[in-house]
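Subject: The structure I promised you

Hi,

Have a look first, then read on.

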Amino acid sequence: MDRFASGDTAVRAELVAAAQWFEENAPPGRARSTVSTTVDLVRRNDGPGALARTGTLQADVERDRSALRRAVDAEAQAALWLAVAAVVLTAPALILRRQRLAAAAEAARTVSRFAEPQPWWRRPLFLTASSIGYCLFTAGYFAVSTAQRSGFQKPVAVQLVLLPAGLATLGAGFLILRRTRPRSARPAARALQADGRRPVLYLRSFADDGTAARIDDWLALNLHSREEQLAAALASFGPVIAVGRPGEPLPLLGAARFYLPLDDWQPTILHLMDLSRLIVLRVGTGAGLRWEIEQAVATQPAGKLVLLTPGRVGDTAASTDGRLPVPLRLEEIAADTSWISAAVTFGADWTPHVRAIEPAPGTEPPRGRLRRTFTPVQAVFWEPSPARRTVRAMKAALAATGVRGRMFVLRSDSSPLATLGKGSVAIAVLALPYRLLELAGLW
């Protein structure tokens, strides 16, 4: 600055370069403001003014250093107190976690006796592949949504490329998730160990698995089956477990599966009934299901049992009513649906509380042009699927007996949002190594 103020303009480039380095590396403060103002004066060839402006630079630098040291000391002190709090709370946290896991330990030991060993790398491998599928699905979803947005002001060529590319990415993500999600599903024993709460035992006829595995909400690009949405809601009370169909190549998604021998399954079911928080039983055909209804009525408190009645009862009505303390008259409450028509809970004296499954008030979609302006995610909440209507009926039936779950309906309704959330998290995790390399100056 002394040379520049004396008329040596050849050092102007050096001054500008030094100031640029300072602005890039110095912390925010008065010194950066001083340097920025000085550079403006240099560019206007005001040597004396620039020299006078830098007269306070050394004091500004020292002041900024002092402020930075105080900030670092304050952060270090806060980190120290947080570390002390973490150490103090670690022991109670471990004790509480151990107590929580003990609640499901017996159920986990029961189902793990029948678990087939799996290679340790299997689930991590397919979880990684699922993460890639979620990334592609989410990226494709937002690309298609952006291309279809009316206010999207881009050249026509960009829109023509963005839409098919988004659809292709979306389809690739869907195909990957369709193959990887069942292979990365957590078995019942691990689900119980990870959660720690008493389980929700889901009983049904294997013949009904086909309708429960259907995926509705294609308009909303939903990936989750009816049973998955039902299990998501019931997870308010505990991990949902179910007996898997013998011989199935892959477990269906929804309740965590475990497999029992065909000739010795009844004692295990009885034991799990005693250990469970709720018993959700979808009424259907089969001698095994009728036996389960009898045992649930004979051995369990009435408040634990939740019945889901089918839409077409047929011979099921008489056989079910004959096994309940108070007949339900299923043929009177059944509706002509392909899945479930009503949810039934019981009071302490086995008084049934029946909630028919109907569209919730206020959920009829608007007609005309407004309906076509809905995004796929908005359409989910305006068009309740069979699974969501079932969840709402279950909530009302459980509330009649004083049983309430946190976010019971929301857990089921948020399935498409959960998919996009997983994709966003996976994208962020995959982008983290690049960001770290960029910060380290290696990329």
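Below is what turned up in it, going from the whole chain to single residues.

First, some ground rules. This is a predicted model, so local features need pLDDT of at least 70 and side-chain atom pairs count only at pLDDT 80 or more, while totals for chains, interfaces and linings use all residues. Residues are numbered from 1 along each chain as its sequence is written, and side-chain values use heavy atoms, with hydrogens and water left out.

**The whole chain**

The chain has 19 helices and seven strands. Both are DSSP runs numbered from the N terminus: helices are H or I with at least four residues, strands are E with at least two. Of its 443 residues, 39% are buried. Buried stands for under 20% relative accessible area, exposed for over 50%, and partly exposed for in between, using a 1.4 Å probe and protein chains only.

pLDDT is the predictor's confidence in each residue, from 0 to 100. Its mean over the chain is 83, and 89% of the residues reach 70 or more.

Now zoom in on R204, in the loop between β1 (200-203) and α9 (209-212). Is R204 buried or exposed? R204 is buried, because its relative accessible area is 8%. Its side chain makes a polar contact of 2.9 Å with the side chain of D209, and also reaches the backbone oxygen of V243 at 2.6 Å. A polar contact here is a pair of N or O atoms within 3.5 Å; within protein, one must be able to donate a hydrogen and the other to accept it, and residues adjacent in sequence count only if both atoms are side-chain atoms. Setting aside neighbours within four places in sequence, the residues in contact with R204 include A242, G244, R257 and L289.

**Salt bridges**

A salt bridge is a side-chain nitrogen of Lys or Arg within 4 Å of a carboxyl oxygen of Asp or Glu, and the whole structure holds 10 of them. One joins R257 to E227, at 2.3 Å from N to O. R257 sits in strand β3 (residues 256-258) and E227 in helix α10, so this pair ties together parts 30 residues apart in sequence. Both R257 and E227 are buried.

Another salt bridge joins E294 and R323 at 2.9 Å, N to O. This pair links distant parts of the chain: E294 is in helix α12 (residues 287-299), R323 is in the loop between α13 (316-321) and α14 (330-333), and they are 29 residues apart. E294 is partly exposed, with a relative accessible area of 34%, and R323 is partly exposed at 25%.

Helix α12 also holds E292, which is buried at 8% relative accessible area. Beyond four places in sequence, E292 is in contact with L203, W265, I269, M273 and L281.

**Aromatic pairs**

Four aromatic pairs turn up in the whole structure. In F237 and F408 the ring centres are 5.7 Å apart and the planes are at 55 degrees, so the pair is tilted. F237 lies in the loop between α10 (226-234) and β2 (240-243), and F408 in helix α18 (residues 408-413), 171 residues away. Rings of Phe, Tyr and Trp (its six-membered ring) pair if their centres lie within 6.5 Å; planes under 30 degrees apart are stacked, over 60 edge-to-face, and the rest tilted. F237 and F408 are both buried.

Happy browsing!

Notes
Contact = heavy atoms within 4.5 Å.
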